[in-house]
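Trainee: I have a new model to read. Please take me through its features, one at a time.

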Amino acid sequence: MVIYMKRRHKKKLGDLLLQADMITRAQLEEALKEQIKSGKKIGEILVEKGYVTEEDIIEVLEFQLGIPHVDLNKYIIDPNAALKIGENLAKRYMLIPIKIENNNLIVAMSDPLNVFALDDVRITSKMEVIPVIANTKDIKQAIDRMYGANKTADIAAEFEKEIQEKLKKQAIRNNDDKSEEDVMNSPAVKLVNSIIEQAIAKNASDIHIEPFEDYVRIRLRIDGQLQEFLRTEKSALNSIVSRIKILGKMNIAEKRIPQDGRIGVDLDDNQLDLRVSVLPTIYGEKVVIRLIYRKGMQLKKEQLGFFPEDLEKFSNLLKIPHGIILLTGPTGSGKSTTLATALRELNRPNVNIITVEDPVENMIEGINQVNVNVKAGLTFANALRAILRQDPDIIMIGEMRDSETCSIAVRAAITGHLVFSTLHTNDAPSSVTRMIDMGIEPYMVATAVKGIIAQRLVRKICEHCKTPVTLTEEEARALKVSKDTVVYKGEGCPLCSNTGYKGRMAIHEIMVLDSTLRALIAKGTNDEELKEVAINNGMNTLWDNARRNVLEGKTTVEEMIRVAYSQE
């Protein structure tokens, strides 16, 4: 087997791509010259230059050499196989063992032609190696998933052991009196770094570090739900919190009052801002870290989860030259992602777009973005006044928090600007009432507002463990279908951390203001009447959208009830 694999892999990747007419001789020679200078792999260079995609390389290797392709997002990796080699070796060659079969180690590799990698894995694992091809990004995520949690647990155990040894020897000072230098040199640094790295690898939105009487619990919010990640000794709390305070430029000596801080993180291809909140509790200081990805999720409008009829409404709203387009929903409902997608769609060289946000969450090339700084006197209202003197075509206001900001936004919309903003309301019709409650005259709201989009995020069923289920009578009533209607749920598997869900999707409610709705608003109607007329005019409610996603097998009845049932 070893001799066969080496002989079969003797052909070089560049020659294979050339033979398949995917690159030219000139492109290959240019890449080879670059390889001499940089030392990078030939495939990596060709992808960077845009001559081929990673999928092209996988296709050639699979077709020309018969090496199977594995989608690691749908493959359950055997932990016993993964642990046959160490994390450093996996990262060095960008590979991960996924299965043991007939005493052979099946290894997913980004470059299955790398005989040095194959030899190193063979020597380390003491097993014969059979390579399969996988996407580099998927391998990287699998490495983080398989080795990361163990690494964090090992660091935590090492930390606890060191603390216990020092306590036994009475050679440790009280943690409350630790200097910054002590903290920087302690295992707390490794532990905090590892927790943050794992949160990023798992696409968590928040990290919760919670002290209790005898232990510290660390939880991650993944797909909107908190999941326990790690428990450690109570004695580790002060060092962990002190390390986070140092990173966030907070006062490590002050433990009696809440504190806020921010941390900038550059990890691999991820640039993040971490917003830190420290709160004193009866058992010590609780820390919550919000992870904000600067580049955000760069989606196209077709990827936002709109059904065809709602996508058409959304597209038509983006064509409006002036007026207010509102996004509404609770914190963490995906409003910022939808706004960023809308701005990217409108971002052209002949358009001046300016945003004012608190904080700037999605950094968009070609758009002027302003960070609110209340301490310095730069509020939403003050920033908005200054923006209007900057000759804008499109303005985005992170949130209409007060009547002053709302009033300026309405005047801007009426005087020829397109304004995007957000509100915290339960549905689209109630946003009208909120603006009127903030002191805007009903006729001004009717004139300025062009459309309102309410949205929520629901968890998607894990495709790997998706299975049909029988509806209960209560669920059938909620869905307004017969009991024998087929719906789905996830049974739980390693790929979804046994939750049955993997990823989230948005559900929407789009209310486009036509002449009938404007007349109702101008005369001062209530939410219920406005909602009834909007539905009669073709508005799909949040509940309608959630129900449709359940019947199409994308989410569960439980998610529909949790997120949207109260809307009906």
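Trainee: Which strands does helix α12 lie across?

Mentor: Helices (H or I, at least four residues) and strands (E, at least two) are DSSP runs, numbered from the N terminus. Axes are lines fitted to C-alpha atoms, for helices over the stretch in contact, and angles run from 0 to 180 degrees between N-to-C directions. Contact means heavy atoms within 4.5 Å. Here, helix α12 (residues 237-247) lies across β4, β5, β6, β7, β8 and β9. Helix α12 runs at about 45° to β9.

Trainee: What should I know about the model and its numbering?

Mentor: This is a predicted model: local features need pLDDT of at least 70, side-chain atom pairs count only at pLDDT 80 or more, and totals for chains, interfaces and linings use all residues. Residues are numbered from 1 along each chain as its sequence is written, and side-chain values use heavy atoms, leaving out hydrogens and water.

Trainee: What is the strand order in the sheet?

Mentor: Strands of a sheet pair through backbone hydrogen bonds, either parallel or antiparallel. Two strands pair if DSSP finds at least two bridges between them. This open sheet has six strands, in the order β6-β5-β4-β9-β8-β7, with antiparallel pairing. At the edges, β6 (225-233) and β7 (259-267) each have a single partner strand, so one side of each lacks a neighbour in the sheet. On average, neighbouring strands are turned by 20° against each other, direction ignored.

Trainee: How many bridges join β4 to β5?

Mentor: Six bridges join β4 (residues 206-211) to β5 (residues 215-222). Ile209 stands opposite Ile218 in β5.

Trainee: What does helix α11 touch?

Mentor: Helix α11 (residues 187-201) packs on the sheet and touches β4, β5, β6, β7, β8 (270-281) and β9 (284-293).

Trainee: How many aromatic pairs are there?

Mentor: A pair of aromatic rings is described by the distance of the centres and the angle of the planes. Rings of Phe, Tyr and Trp (its six-membered ring) pair if their centres lie within 6.5 Å; planes under 30 degrees apart count as stacked, over 60 as edge-to-face and the rest as tilted. The count comes to two. Phe306 and Phe314 form a stacked pair, 4.8 Å centre to centre, with 25° between the planes.

Trainee: Is Phe314 buried or exposed?

Mentor: Buried means under 20% relative accessible area, exposed over 50%, partly exposed in between (1.4 Å probe, protein chains only). Phe314 is buried, at 2%. Phe306 is buried too, at 10%.
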